[in-house]
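Here are some exercises to work through with the sequence and the 3D view side by side. Try each task yourself before you read its solution.

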Amino acid sequence: MSDQDRISEVGNTGAGTTYEEPLLFELSREGRAGYSLPELDVPRVLPEEILPEGSVREDLKTLPELSEVEIVRHFTRLSTWNAAVDFGLYPLGSCTMKYNPKINEKIARIPGFLLAHPRQPDALLQGFLELCYELESQLAAISGMDRVTLQPAAGAQGELAGIMMIRAYHEARDEQRTKIIIPDTAHGTNPASAALNGYKVVEVPSSDEGILSPEAVAGAMDDDVAGIMVTNPNTLGFFEEHMTAISEIVHARGGLVYGDGANLNALMGVARPGDLGIDVMHFNLHKTFSTPHGGGGPGSGPVGVKNLLAPHLPTPVIQKEVGAEGPQFRLENDLPHSIGRLHGNFGNAGMFVRAYTYLRSLGPEGLKHCSEMAVLNANYILARLRGTPYRIPFDRTVMHECIVSDAELSETGVTTADIAKRLIDHGYHPPTTYFPLIVPGALMIEPTETESREGLDRFVDALLSIAEEAKTDPDTVRTAPHHTRRSRMDETKAARHPVLKWTPEPPT
Amino acid sequence: MRYIPNTDRDIEHMLEVIGIPNLEALFATIPESDRLRSPIEVPPSVSEFEVLRELSQMAARNANSDTHDWFLGAGTYAHFCPSAIDALVSRAEFLTAYTPYQPEISQGTLQAIFEWQTMICELTGMDVANASMYDGASAAAEAVLMAMRVTRRSRIVATQGLSPTYLEVLRTYIDGLEAELIVVPRGPDGRSEPIAPYVDSETACVIVQQPSFLGTLEDLPAAAQAAHDQSAQLVVTVGEALSLALLTPPGEQGADIVCGEAQSFGVPMSIGGPHVGFLTTRKECVRQLPGRLVGETVDSEGRRGYVLTLATREQHIRRERATSNICTNQGLCLLMATIYLALMGRRGLRELAEINLSKAEYAKQRIRATEGLSLPLEAPTFNEFVVSVPDSADAALERALNAGIVGGLKLDGYAPDLTPSVLVCTTELVSAQAIDRLVEALSGSGR
Amino acid sequence: MSETEIPANLKYSAEDEWARDEEGRVTIGITHYAQDQLGDIVFVELPEVGRALEAGEVFGVIESVKAVSDLYAPVAGEIVAINGDLESQPELVNADCYGSGWMCVIQLADKSELQSLLDAEAYGRHVQERDH
């Protein structure tokens with residue numbers, strides 16, 4: 001298809017205000033501009049005259065030339081191709097796609113937050129440093145940890161920081177431990193974070209009840225184990241009932257306990273990881289504390305530690321000093337046992353502002369109510385799916401998410417992925433599929449607290465109607481979605497012959 | 001609670017369907033001794049307008065580029081962000097979507113990432129760009145880990161021209177691996193000393209920042225030669241991405257991996273984050289590249305579309321043997337940068353870079369002509385440079401602050417040999433008149 | 001699942017590679033069962049010619065869209081040829097795993113090592129056991 005043909009697709013395609021949209025580079029027309037720059041009030045310098053020979057580049061020929069209105073339309077049209085939480089239920093298990101309050105966005109855009117610089121002197125940054133200090137304190141209170149660093153830019157970087165602190169702790173005691181225990185239900189980031197620290201991963205299986213047994217951990221525990229990484233509630237949605245006993249087993253042999261806080265949304269005001277023997281854990285501000293996911297990020301992954309790991313926190317740490325002029329906040333860089341720095345600045349500061357706004361809006365009762373409603377919603381979905389063609393692999397009270405399996409539908413020739421795709425036709429972003437790995441055909445459903453009862457009913461009805469359809473009209477399910485602007489994509493082609501950027505078509 | 005739809009009646013009905021008497025029973029699987037029996041010790045909630053008032057007061061205690069003339073850069077740059085960016089990224093369809101796992105309902109995010117990858121490749125002169133990293137510092141660290149995988153070597157040669165925080169992050173990342181880091185000192189003109197003597201057959205990569213932390217332009221072809229003579233990789237990291245609009249792309253000067261921080265492209269300073277790192281490489285190394293990648297393909301009816309691809313490099317499939325543990329990208333910030341690059345476009349971005357250069361040259365000329373101030377480093381610069389001040393950096397910056405100016409970064413701790421000095425950055429936001437006032441304040445001549 | 005093909009004239013490893021011996025030059029590939037389990041193959045990473053391998057050593061990687069698997073040397077020896085076509089046409093592994101989808105040729109270090117591999121019947125049982 002030539003550029004001109006693609007251009008002709010713009011506009012009404014016979015489907016109302018449904019637009020096809022070419023790439024920016026195909027829309028570009030020489031001479032158009034979307035910028036406005038001030039008159040130069042200093043003498044104009046010619047780069048070629050003052051920079052070394054060969055150091056000035058040629059034209060940026062691939063960048064487009066477009067007016068502001070064309071660019072605004074381009075991205076507005078692209079946006080309409082996305083599903084999003086503000087459209088409706090987005091039950092992507094493990095991702096906690098809750099509503100992102102609008103006040104968070106407004107406050108993050110106040111110039112004193114949006115237009116301030118990370119390296120301006122502490123004295124010119126007191127409002128932000130106070131916010132960080134308070135956010136750290138509140139996260140510590142929620143989790144039962146002693147200290148918190150906000151620096152990690154995402155949950156995975158938080159894991160990395162946490163495991164680094166565990167390593168630093170052992171090294172400070174002259175112990176060379178080589179292994180980390182990880183349950184078979186863990187997120188892939190756990191083993192990857194352990195490996196980045198040079199640790200070998202020892203996988204332990206879950207019990208028949210879908211949780212970790214103290215016996216399994218004891219069997220894997222020895223003096224070479226630096227620690228264990230536990231997600232609680234785990235990725236099957238269950239509270240790790242033996243957490244305290246497991247912590248004791250690991251501590252008794254000198255190991256430490258890492259808590260993956262991805263699923264903290266179930267526990268606020270109900271139980272605190274710090275009370276269960278967890279020594280270090282990360283928070284996902286973009287899951288539990290309502291900061292937006294933004295099409296994949298930015299996340300923010302603060303880490304809480306018990307005092308025994310505090311000397312190893314990343315630098316800088318924020319300190320509060322109360323003097324004659326009231327409290328002052330300053331940055332402390334001098335921590336001889338710190339693991340060092342993980343981020344060029346403080347971390348994803350704009351997310352701290354949003355999360356803090358959320359905490360101030362909710363307070364202790366609000367936080368607890370969120371967790372209660374998240375758990376209620378998940379159990380309601382599970383209850384409604386009981387006795388239907390969906391199998392419940394571990395039928396017990398769940399926390400914030402539930403796992404069902406479509407295994408009984410497999411004889412219809414319909415796969416888990418097909419059901420997920422058919423849900424799109426019913427207006428839902430599909431749940432997480434095929435995870436955790438130990439449940440064949442898993443659909444991992446996390447409704448979050450911000451969904452209504454009737455919204456959940458409609459979702460369950462959609463799942464049931466797909467199960468029925470799988471028997472009566474499997475082809476329709478197998479070829480779903482049918483009401484999207486693109487049907488199933490050829491992922492094999494994309495991977496076999498990668499096209500990872502646009503290139504101009506050669507002149508014909 | 002305005003974020004929660006269910007009422008007491010809904011709750012009652014739902015408990016009945018579940019078959020439990022009360023909300024407490026939802027948590028029956030949590031052992032009694034594990035429960036929290038008192039409210040969380042956080043302050044009570046306040047209403048929406050009270051939150052706004054409280055946080056506005058906090059914000060008011062932070063100086064910012066609206067309240068002061070701004071000459072502080074050092075890795076985070078005060079460029080103007082056109083209004084269309086925030087209007088577009090505030091659209092809920094972008095803001096409240098997740099990682100585009102389901103391509104049929106994520107084409108908006110996917111196509112934007114594909115456009116970002118294309119523009120970053122153009123700016124850096126490289127073949128493949130990923131869908132972003134957390135920030136410039138972790139992008140540099142991931143670039144080095146990648147070079148170690150590609151070469152199967154573990155010695156790293158970094159120049160002192162790297163941002164000190166990038167160097168710190170790099171040290172943190174390699175600490176758990178058996179790797180050695182060697183730092184090439186800065187030469188008298190502000191550029192790196194010759195690098196070749198530091199590179200040997202065990203060297204995985206040479207990593208150079210362009211422009212350097214102190215603003216000087218490094219000799220990349222020489223760095224490439226030094227690296228390639230020993231079959232090591234050249235990693236170039238870029239702290240001020242706007243420089244890419246002006247300088248020869250690192251990919252044309254021998255770089256094997258180009259990474260950096262794209263905050264300059266329409267992403268607000270936001271106290272240092274969220275920003276957006278980029279990471280690029282040559283085609284043949286794509287399978288060692290960490291992070292998400294978007295590729296073009298077709299749907300079942302042959303229509304063009306985009307998907308996440310080459311996912312087998314990543315942690316959710318390869319687990320402990322993944323290229324990185326990275327999971328999120330900086331989706332929203334890369335979208336800001338993509339919109340920015342579209343708005344500035346082919347000509348605007350270059351023009352803006354030349355404005356920055358011209359402002360810096362004007363400032364340097366004024367400094368040379370001012371008693372008490374000097375330029376200790378002779379190497380050419382882009383929009384940032386070191387100024388030696390007469391008394392102390394603290395005193396000079398305090399004078400600037402009294403004139404309503406955030407005058408730059410005190411270099412005492414970063415470059416002791418240059419003390420007293422200040423790192424000054426001139427973007428399009430500073431007027432000639434503000435530059436004149438800065439020069440006066442730093443020199444103390446206005447007293 | 002389609003009927004798994006296990007040619008009688010080849011030897012097999014428990015890691016789902018096949019081996020065809022031609023006077024000490026052993027051609028290696030992955031079995032029909034393995035390619036079926038992986039799905040659409042999108043990439044095959046092969047070693048350099050000249051590399052010496054121990055038996056059981058990882059010598060390459062094979063990727064489908066959503067899975068990745070190591071390739072293990074079924075026998076020790078030196079790599080004397082690789083299938084360059086797989087670089088641009090990884091789909092050959094799906095289309096013809098025992099023919100044009102071959103991966104490499106190893107010059108055997110010790111001929112007796114072939115005896116330790118499974119025959120078609122034993123490999124067939126091995127596949128069946130895992131499916132249940």
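Predicted model: local features only at pLDDT ≥ 70, side-chain atom pairs only at ≥ 80, totals over all residues.

**Exercise 1.** How many aromatic pairs does the structure hold over all chains, and why is the pair of Tyr12(C) and Tyr123(C) classed as it is?

*Solution.* Step 1: use the rule that rings of Phe, Tyr and Trp (its six-membered ring) pair if their centres lie within 6.5 Å; planes under 30 degrees apart count as stacked, over 60 as edge-to-face and the rest as tilted. Step 2: over all chains, this gives 14 aromatic pairs. Step 3: the ring centres of Tyr12(C) and Tyr123(C) are 4.8 Å apart and their planes meet at 10°, so this pair is stacked. Helices (H or I, at least four residues) and strands (E, at least two) are DSSP runs, numbered from the N terminus. Step 5: check burial; Tyr12(C) has 0% relative accessibility and so counts as buried, and Tyr123(C), at 0% relative accessibility, counts as buried too.

Now return to Trp18(C) and Tyr98(C): their ring centres are 5.9 Å apart with planes at 50°, so this pair is tilted. Trp18(C) belongs to strand S2 (residues 17–22) of chain C, while Tyr98(C) sits in the loop between helix H3 (92–95) and strand S9 (104–108) of chain C, 80 residues apart.

**Exercise 2.** Which residue lies over the face of Phe43(C), and which over that of Phe238(A)?

*Solution.* Step 1: a charge sits over a ring if NZ of Lys or CZ of Arg is within 6 Å of the ring centre and within 35 degrees of the ring normal. Step 2: over Phe43(C) you find Arg287(B), at 3.3 Å from the ring centre. Step 3: over Phe238(A) you find Arg396(A), at 4.7 Å from the ring centre.

**Exercise 3.** Which residues have the most contacts inside the largest nonpolar core?

*Solution.* Step 1: a nonpolar core is a set of buried Ala, Val, Leu, Ile, Met, Phe, Trp, Tyr and Cys residues joined through side-chain atoms within 4.5 Å. Step 2: the largest one has 118 residues, and Phe113(A), Phe289(A), Phe352(A) and Tyr390(A) have the most contacts inside it. Step 3: its largest share, 19 residues, comes from helix H12 (residues 349–385) of chain A. Step 4: look around Phe352(A); leaving aside neighbours within four places in sequence, its contacts (heavy atoms within 4.5 Å) include Phe128(A), Leu131(A) and Leu285(A). Step 5: a second, separate core of 82 residues includes Ala131(B), Ile195(B), Leu308(B) and Ala353(B).

**Exercise 4.** In which sense do strands S9 and S10 of chain B pair?

*Solution.* Step 1: two strands pair if DSSP finds at least two bridges between them. Step 2: S9 (residues 294–298) and S10 (residues 304–308) of chain B pair in the antiparallel sense over five bridges. Step 3: Val294(B) stands opposite Leu308(B) in S10(B). Step 4: this hairpin has five residues between the strands, and Gly302(B) takes a positive phi near 85° there.

**Exercise 5.** Where in chain A are the prolines of two cis peptide bonds, Pro316(A) and Pro436(A)?

*Solution.* Step 1: the cis bond between Thr315(A) and Pro316(A) has omega of about -5°. Pro316(A) lies in the loop between strand S7 (303–305) and strand S8 (317–323) of chain A. Step 2: the bond from Phe435(A) to Pro436(A) is cis, with omega near 0°. Pro436(A) is in the loop between strand S11 (432–433) and strand S12 (442–445) of chain A.

Key: Residues numbered from 1 in each chain as written. Chains lettered and ligands numbered in written order. Heavy atoms only, no water. Buried < 20%, exposed > 50% of the residue type's maximum accessible area, 1.4 Å probe, protein only.
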